[in-house]
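Please load the model before reading on.

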Amino acid sequence: MTLPRPIHGIIPPVLTPLLDRDTLDVPAFERLLEYLIAGRASALFILGSTGEAPGLTDRLRREVMDRAHAVVGNRVPILVGITDPSFVDSLDTAEYAARAGASGLVLSPPFYYLLSQASFLGYLERLTPLLPLPLYLYNMPNFTKLVIAPETVRAAASLPNVYGLKDSSGDKDYFRACRDAVAGFPDFALLVGVEEILAEMVPEGAHGGVCGGSNLYPALYADLYDAAACGDKATVQRLQKVVLAISEGIYTVGDRTSSYLRGLKTAVSLIGYGNGVMAEPYSSLTVEEREQIRLAIPERPAPVY
């Protein structure tokens, strides 16, 4: 499926429901995909941080790609995370994604080794000509130790196969600097990964959001994006309160280092999509902790559009 340039709207970073460490909960995964499409997802991003890709085996990652395409078909684009410390494994994943019917790829700086901006740009210059699909950069410095500098983003935007940036830093000034850096590339998509700032950044140039909470209530996030895009400040204010309450509710249990993903996966399981089993190294929440999450998450508001 051809990707629009720039892509707009809400792109859920899809959770990966599991039965155990290495078994996909196929019915739950398929129902979740349908739920997200019904919630007006513009595209679906599988095998990212929210999808626990670094904790999944290569076999399981390939199953996720195959199952996603079998369910989604050409209804919305599928983006696949290919981040890996190994150049060859990233390329192999990209090639498999293309064969499995994906529309695009998402890449963070390879983790473990420290990289300079010049080293990362050189890495992109060597990798992108080999990729079979368009690429979106993924700025996730909490996990990769490298902030992709706005100047590097601008240089990457000039590469023929790089279509955009997902920024999960939560730094509004960084996002604005990237926006200014790629002002000469109107087809380059700027996507917000942190839901707390999505509504504020859309009027300032964000084309959409890749927000974990959209797994829980996708239509809420689509409504929020639409309201922000058309300048409906009253609706933005009302919906933003719910989004912030969801975010805070997800952090109810445990330390904030791991609680967001564990809380989100638990919350989504509580509305019927999976059982909350985590990929290692994270553990699943206890019965008592699941109840805390249930009580902390607000109900979905009625759609407004």
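## Helix α11

The buried residues of α11 pack against β2 (18–20), α1, α10 (233–250) and α12 (287–296). Contact means heavy atoms within 4.5 Å. Helices (H or I, at least four residues) and strands (E, at least two) are DSSP runs, numbered from the N terminus. The model is predicted: local features need pLDDT of at least 70, side-chain atom pairs count only at pLDDT 80 or more, and totals for chains, interfaces and linings use all residues. Residues are numbered from 1 along each chain as its sequence is written, and side-chain values use heavy atoms, with hydrogens and water left out.

Of the 12 residues in α11, 11 are buried. Buried means under 20% relative accessible area, exposed over 50%, partly exposed in between (1.4 Å probe, protein chains only). The buried set includes Arg262 and Lys265. From first C-alpha to last, α11 reaches 16 Å, close to the expected 16 Å. The expected span is 1.5 Å times one less than the number of residues. After α11 comes glycine 272, with a positive phi near 110°.

## Helix α1

Helix α1 (residues 26–38) has 13 residues and spans 18 Å, close to the 18 Å expected. Its buried residues include Phe29, Leu32, Leu33 and Tyr35. Among the elements covering them are β3 (23–24), β4 (44–46), α2 (58–72), α9 (218–229) and α11 (259–270). Just after α1, arginine 40 has a positive phi of about 70°.

## The sheet

Eight strands form an open sheet in the order β1-β10-β9-β8-β7-β6-β5-β4, with parallel pairing. β1 (9–10) and β4 are the edge strands, each with a single partner, so one side of each has no neighbour in the sheet. Two strands pair if DSSP finds at least two bridges between them.

Strands β9 (residues 189–192) and β10 (residues 208–209) run parallel, joined by 2 bridges. Leucine 191 stands opposite glycine 208 in β10.

## The largest pocket

The largest pocket holds about 1,200 Å³ of space. Its lining has 47 residues; Ser49, Thr50, Tyr138, Met140 and Phe143 lie nearest the centre. A pocket is an open set of points on a 1 Å grid over the protein atoms alone, where a 1.4 Å probe fits, with protein on both sides within 12 Å along at least five of seven lines; lining residues have an atom within 4 Å of a point. The volume is the space filled by probe spheres set on the points, which are joined across faces, edges and corners.

α3 (87–99), α5 (141–144) and α11 each supply at least two lining residues. α5 gives the most, with 3. The lining divides into 21 nonpolar, 17 polar and 9 charged residues. Ala, Val, Leu, Ile, Met, Phe, Trp, Tyr, Cys and Pro count as nonpolar, Asp, Glu, Lys and Arg as charged, and the others, Gly among them, as polar.
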